[in-house]
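Trainee: Please take one set of charged side-chain pairs and go through it closely, with the cut-offs spelled out as you go.

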Amino acid sequence: MELVLAIFIGLLYACGVYLLLRRSIVKLILGVFVLSNATNLVIFLAGGITRSGISILQDEVVVDKSNITDPLPQALILTAIVIGLGIAAYTLALKYKYYKVTGTDDLDRLKNTDQR
Amino acid sequence: MHQLLPYLLTSLLVVGLATPLLEKKLKYRTGVFLSVIPLSFFLYFLWVFTSLGKTESLIIPPIMELVRGGGLSVRLDGLSVLFGLMVSGIGVLVLFYASAYMRKYPRQGYFFMLLTFFMGAMLGMVLTNNLIALFIFWELTSVFSFLLIGFDNHLEKARKAALQGFLITAFGGLCLLFGVLLIGDIAGTYEISELLNKGELITSHTRYPLIFLFLVLAVFTKSAQFPFHFWLPGAMNAPTPVSAYLHSATMVNAGVFLLLRVNPFIGDTLLWDSVLPLFGSITMFTGALLAFGEKDLKRILAFTTISALGIMVLLAGIDTTKSIKAALVFFVVHGLYKGALFMIAGLIDKTTGTRDIDRLGQLWKPLGLVSFAALLSFFSMAGLPPMLGFIGKELIYGAKMQAAYFSNIILVFGILSNMLMVGISFYVFYQVFWPYRRVKKKVAIDGHYARSFLLSFGPVILAAFSLGLGLAPVRIGKYLQNAIYFIRAEEVAVDLGLWHGVNAVLILSIITVGGGILLFIFRKQVAFNVARFNNWLNKFYLPDVFDKVIKNYVKVASRQTDRIQHGYHRYYLITFFVITSLLVVVHLFANSGIAPELQLQPIKSYLLILFIVMAFAAGYAIFSSSRIAAILALGIVGYGIGLVYLFFGAVDLAITQFLVETLVMVIFVLVIYKLPVFAVFSSKASRVRDIFIALLAGGMMGMVVLKSNFFNVETPISDYFINNSLNLAHGKNIVNVILVDFRALDTMGEITVLALAAAGVVALLRLNIKKRENE
């Protein structure tokens with residue numbers, strides 16, 4: 001299980017990095033999105049990869065901790081996922097505008113602040 | 001009364017800021033009006049000077065401290081007051097002079113503002129009792145002299161000279177800061193009055209040579225000592241009132257002042273007694289020699305200034321009571337005659353339109369009283385009786401004979417330099433003023449300037465002082481005792497006089513004058529040869545060398561920046577990923593391998609299938625050439641991750657993930673058809689390279705994940721949330737409770753980010769940037 005997870009996360013990162021290294025800006029944005037997904041997964045699994053119950057309490061007074069998935073990483077990731085949405089929306093809008101103004105998708109033409 | 005001094009010094013800043021306004025009302029009279037300030041300072045210093053006891057000093061604590069231990073505390077003793085007198089006294093005359101000289105210049109208000117600031121900085125520097133404050137004022141004089149030298153900023157030469165002077169003196173300023181900090185570190189105080197008896201502690205410290213080096217660099221750059229002397233002649237591009245002020249009694253003397261100031265606790269060591277006289281002698285001789293080859297009146301004076309500064313550094317370095325006395329007297333001597341001569345040079349420039357000593361001539365009659373002032377000043381410069389210069393020179397000879405190291409060589413160089421000085425004095429006076437010299441073409445004379453009261457006032461007064469103090473040296477001698485007491489910690493009676501009977505010093509003086517007259521007789525040959533020597537020397541023209549160094553420095557820096565900051569975003573990322581991955585991998589291996597005790601859990605078969613599907617989808621997404629297919633493939637990955645969350649019991653995460661993934665898909669699909677198709681920009685080789693880098697980064701992350709599974713450094717703080725979710729927050733869904741209750745502020749921040757992103761998107765879509773036509 002650990003091995004499979006590690007390999008899968010590694011693969012996701014590799015995909016993200018590869019997309020980041022593209023000259024096409026659209027691919028770069030996709031890469032950012034892949035990376036944010038992969039990172040969320042890492043944080044989630046850092047809380048322990050034992051499969052256990054959902055983190056919702058019953059009315060019992062005494063809580064059996066081993067039966068509950070660590071809630072803290074979940075809260076953190078929930079925030080991260082939503083922020084990832086914000087980033088994706090904003091970068092896409094930026095890209096859209098950029099393309100409309102400059103007519104190119106090539107990052108190498110973004111080297112200068114002047115419009116060329 | 002004394003307590004007000006720090007406030008008065010600070011108020012100069014306000015006065016300076018007000019001068020441009022004053023100038024609007026007063027026009028050229030601004031200078032005369034402003035001279036009230038240095039005049040009152042002068043009278044005040046005069047009063048302090050005469051009322052101060054022989055071993056007395058007044059210390060006024062700072063108003064507030066700028067840094068710990070560094071505030072503007074004021075120290076009134078013989079040394080600071082003597083310098084204060086010269087700075088303020090010549091300041092008065094320079095302001096008078098400038099108000100006439102600058103009359104036709106634009107931006108006079110700005111000029112007088114700078115001059116006031118400079119005067120304030122200079123006064124602050126000589127008066128302060130604190131080394132930190134001294135450093136600040138020291139740098140301020142550099143800044144203002146930069147602005148003053150470059151006042152004619154439409155001339156490239158002036159700008160260049162100003163920059164050069166500034167770079168050199170500011171470098172010295174930094175050295176001074178290092179030196180001061182080291183002193184403070186060792187002695188535990190920056191107050192000069194407390195440092196006075198800590199000399200032993202500092203000079204015996206192992207870091208003393210470093211302190212000495214830094215201070216000497218500061219002094220040599222500011223006081224234009226060889227090999228930093230070259231900025232001073234360049235500074236002649238300044239308007240003449242500036243030269244008259246900066247190079248007679250202020251700016252360049254700051255270095256000498258510093259030497260005298262720190263002498264009690266830095267001086268009297270082997271380094272001090274050998275390095276300073278050595279460089280002082282070289283500077284003294286080079287300055288005097290090079291002056292002979294110049295034709296421009298101001299440049300001649302500049303080189304003689306370098307020579308005079310060399311003498312003062314040499315005297316400070318010999319470091320005996322006699323030499324300190326000589327240095328103090330010579331400071332006054334030099335200030336008086338050099339101020340006068342610079343002003344006269346400016347007057348001649350205005351009157352005739354040239355400063356070339358070959359073209360000038362027969363000015364004795366047209367200039368009247370000023371010619372007489374010039375005669376007296378040249379006499380003082382040559383060190384002839386009955387001027388104060390004579391007394392100064394006698395003292396210097398006496399002091400040089402006392403030098404601890406190679407006194408013979410110093411004496412010989414001293415005599416040669418003084419012969420040159422005598423020769424130059426006669427030579428210049430003869431060329432410019434002598435009524436019987438034959439000139440090919442008489443220069444035209446503008447009588448308006450020749451008779452200008454304001455222009456001739458300064459030189460005449462200064463020459464009168466040179467003469468008066470020469471005739472009655474007791475007037476000044478009495479008061480030098482206090483200064484010498486605080487420098488040498490010795491009580492001595494200072495009796496200055498013109499006539500001390502026939503002794504070795506007098507004989508030396510006679511030899512000097514004889515030599516000088518010989519030089520004057522052979523002036524043409526000497527000037528010609530020195531000029532030739534100058535030409536040869538110009539091959540290694542130091543200002544040019546300096547320029548080149550600066551230029552190359554900038555070039556190398558920009559080339560290096562271009563290499564590091566190349567602007568290709570993917571190379572930044574490659575650098576980042578490769579270095580990070582390698583560092584992390586090495587570190588992981590160094591810490592007992594990747595996964596020391598793997599206790600693998602079995603995996604559910606449906607989960608394995610899910611992972612395989614996602615892996616294929618991700619792989620497909622990055623290599624697909626269809627945009628929509630890539631997005632959908634990434635969607636599979638996203639939903640898959642949602643399922644993984646679900647599998648591990650994180651319901652809220654799974655719901656959010658599904659929702660967000662869906663939204664992102666929708667946005668992508670909406671936008672994607674407005675965007676270009678996937679273009680392939682990169683070559684195959686670079687794609688292969690990128691795959692390797694990506695695999696390296698991915699492998700690194702995989703290892704981190706593996707390794708992190710076996711770490712639980714601290715007890716998770718989650719227990720707190722689990723235990724208190726129901727009790728404190730009355731919520732059963734712990735994740736939700738954390739988000740909206742325990743960490744509500746974070747959620748608030750998250751919402752803000754989202755709102756900002758939304759606002760940004762709207763703004764971007766509405767923004768209307770015109771595409772350039774000429775693309």
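Mentor: B:Asp296 is partly exposed at 21% relative accessible area, a class that lies between buried (under 20%) and exposed (over 50%), computed with a 1.4 Å probe on protein chains only. The model is predicted, so local features need pLDDT of at least 70 and side-chain atom pairs count only at pLDDT 80 or more, whereas totals for chains, interfaces and linings use all residues. Side-chain values use heavy atoms, without hydrogens and water, while residues are numbered from 1 along each chain as its sequence is written, and chains are lettered from A and ligands numbered from 1 in the order in which they are written.

The partner of B:Asp296 is B:Arg355, in a salt bridge whose closest N and O atoms are 3.1 Å apart; the term requires a side-chain nitrogen of Lys or Arg within 4 Å of a carboxyl oxygen of Asp or Glu. Because B:Arg355 sits in the loop between H16 and H17 of chain B, and B:Asp296 in the loop between H14 and H15 of chain B, the pair ties together parts 59 residues apart in sequence. Helices here are DSSP runs (H or I, at least four residues), numbered from the N terminus.

B:Asp358 forms a salt bridge with B:Lys295, with closest N and O atoms 3.6 Å apart, and this pair links distant parts of the chain, 63 residues apart. B:Asp358 is partly exposed at 39% relative accessibility, and B:Lys295 is partly exposed at 29%.

By contrast, B:Asp77 is buried at 0% and B:Arg75 is buried at 1%; these two form a salt bridge at 2.9 Å.

Conventions. Helices (H or I, at least four residues) and strands (E, at least two) are DSSP runs, numbered from the N terminus.
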